[in-house]
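Reader: Please take a close look at the charged side chains in this model. I want to know where they sit, what they touch and how they pair.

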Amino acid sequence: MKILKDFIGNLYTGDPVTFEQLNIMPVFAREERRLPYLELEDALKQGLAEITEVSETGSVPDLEVGNNSDSDIIILDGEELIGAKQNRVVNTTIVVPASSKVMIPVSCVEQGRWRYTSREFSTSDSFLYPSLRQQKLRDVTSSLRRGSGFNSDQSGIWRDLSGKSERLHVTSDTMSMSDIFESSVAGESDASLQMEIPHQEKQVGFVAFIRGGFAGGDLFGSQELCRSKLHKLLRSYYLDSLDQEMKFPFIAVQQILGQVQEAEQEQFTTVGKGFDLRFEAQDVQGAWKLVDDFIPHLMVFPKGENHD
């Protein structure tokens with residue numbers, strides 16, 4: 001697909017940056033476009049968007065987003081939304097049209113709570129960690145192929161969160177992903193991570209390696225969006241780096257980008273604006289959003305399992 005090949009061809013990598021067992025290869029754009037959307041966190045802060053349960057009783061796999069602005073709003077795959085009846089993460093990257101309401105597909109990352117702590121959701125400091133995003137990607141893609149929408153394996157997500165909590169020695173009354181991050185990443189390590197791996201001029205993404213193995217990557221259509229989300233994403237990759245049982249395959253950066261570029265693409269009708277495209281190659285898998293000939297976000301992960 002020409003638009004994807006042009007997107008990848010416009011990118012180049014910089015010098016790797018290392019923090020403990022996490023190695024980040026920054027990705028830059030020779031030419032980039034300005035972000036044509038409001039970023040979710042900014043929209044919420046300005047009172048231009050609201051995220052709520054779909055009804056008073058709620059529905060675990062769905063939330064409602066109201067866009068009260070004259071601009072489209074972008075919400076990224078894996079973003080954590082906290083509050084209301086339980087915390088969720090978003091199942092795919094979504095562009096919510098201006099002045100509209102959209103029901104979005106989500107997964108629960110707080111199994112032990114089903115009661116209101118607030119009427120609306122806010123964003124957290126974290127994304128779903130990449131090994132679980134990889135699993136969710138695989139399950140959502142299978143669901144789309146069956147014609148069942150952007151559904152994840154909710155039981156599988158809860159099992160993975162439980163295993164992560166146990167391996168990192170985290171206790172949570174509600175089995176909350178937020179508690180795993182708070183116990184493992186917050187504090188001095190978080191501040192050091194932000195200082196050691198800052199956003200760089202013209203940076204539009206990164207490819208991450210943990211103990212030398214490929215853990216995943218996020219690429220954006222603008223450095224503005226990359227700058228906004230970089231640290232939150234890096235926190236999630238750092239969390240996986242703390243889990244010594246996680247194993248990642250050894251794949252070179254150029255091999256990763258080359259396989260993305262050459263992979264056969266499957267196109268699906270999306271939530272909100274644009275199209276959702278997904279791919280599987282020899283060693284990698286991923287998805288990207290296409291809206292009006294613009295690619296705001298592409299994510300790529302290794303294939304296969306991450307555990308021994």
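Author: Lys202 is found in the loop between helix 6 and strand 13 (203–210). Helices here are DSSP runs of H or I with at least four residues, strands are E runs of at least two, and both are numbered from the N terminus. The model is a predicted one: local features need pLDDT of at least 70, side-chain atom pairs count only at pLDDT 80 or more, and totals for chains, interfaces and linings use all residues. Residue numbers start from 1 along each chain as its sequence is written, and side-chain values use heavy atoms, with hydrogens and water left out.

Phi of Lys202 is near 70°, a positive value in a residue other than glycine. Most residues other than glycine have a negative phi. Lys202 is partly exposed, because its relative accessible area is 42%. The cut-offs are these: buried is under 20% relative accessible area, exposed is over 50%, and partly exposed lies in between (1.4 Å probe, protein chains only). Asp292 also has a positive phi, near 55°. Its loop runs between strand 17 (284–290) and strand 18 (297–302). With a relative accessible area of 62%, Asp292 is exposed.

Next, the surface. Glu32, Asp42, Glu201 and Glu224 form a negative patch there. Patch members have over 30% relative accessible area and no salt bridge; like charges are joined within 9 Å, and nonpolar side chains (Val, Leu, Ile, Met, Phe, Trp, Tyr) within 5 Å. The areas come from the Shrake-Rupley method with a 1.4 Å probe, and for residues only the protein chains shown count as cover. Asp and Glu count as negative, Lys and Arg as positive; His and the chain ends are not counted. Each charge is placed at NZ of Lys, CZ of Arg, CG of Asp or CD of Glu.

Asp42 lies in helix 2 (residues 40–45). Its relative accessibility is 37%, so Asp42 counts as partly exposed. Glu224 lies in helix 7. Glu224 is partly exposed too, at 34% relative accessible area. Glu224 is in contact (heavy atoms within 4.5 Å) with Arg34 and Leu35, leaving aside neighbours within four places in sequence. Lys273 is 49 residues from Glu224 in sequence and 20 Å away in space, C-alpha to C-alpha.

Now the pairs. Side chains of opposite charge can pair when their charged atoms come close. A salt bridge needs a side-chain nitrogen of Lys or Arg within 4 Å of a carboxyl oxygen of Asp or Glu. By this rule the count is 22.

Take Lys229 with Glu79. Their closest N and O atoms are 2.8 Å apart in a salt bridge. Lys229 lies in helix 7 (residues 223–242) and Glu79 in strand 8 (residues 79–83), so this bridge ties together parts that are 150 residues apart in sequence. Both ends are covered: Lys229 is buried at 0% relative accessibility, and Glu79 is buried at 2%.

Asp190 and Arg235 make another salt bridge, at 3.2 Å from N to O. Distant parts of the chain are linked here as well: Asp190 is in helix 6 (residues 188–196), Arg235 is in helix 7, and 45 residues separate them. Asp190 is buried, with a relative accessible area of 16%. Arg235 is buried at 5%.

Then there is Asp276 with Arg278, whose side chains meet in a salt bridge of 2.6 Å, N to O. Asp276 is buried at 2% relative accessibility. Arg278 is buried at 1%. Elsewhere, salt bridges with shared partners join Asp77, Arg133, Lys136 and Asp218 into one network.

One more lysine. Lys164 lies in helix 4 (residues 154–167). Lys164 counts as buried because its relative accessible area is 0%. Not counting residues up to four places away in sequence, Lys164 touches Tyr129, Ser131, Ile180, Asp240, Asp243 and Met246. Two of the names in that list are aspartates, Asp240 and Asp243.

Ser176 sits in the loop between helix 4 and helix 5 (177–184). Ser176 is buried, at 3% relative accessibility. Beyond residues up to four places away in sequence, Ser176 touches Asn87, Val109 and Glu110.
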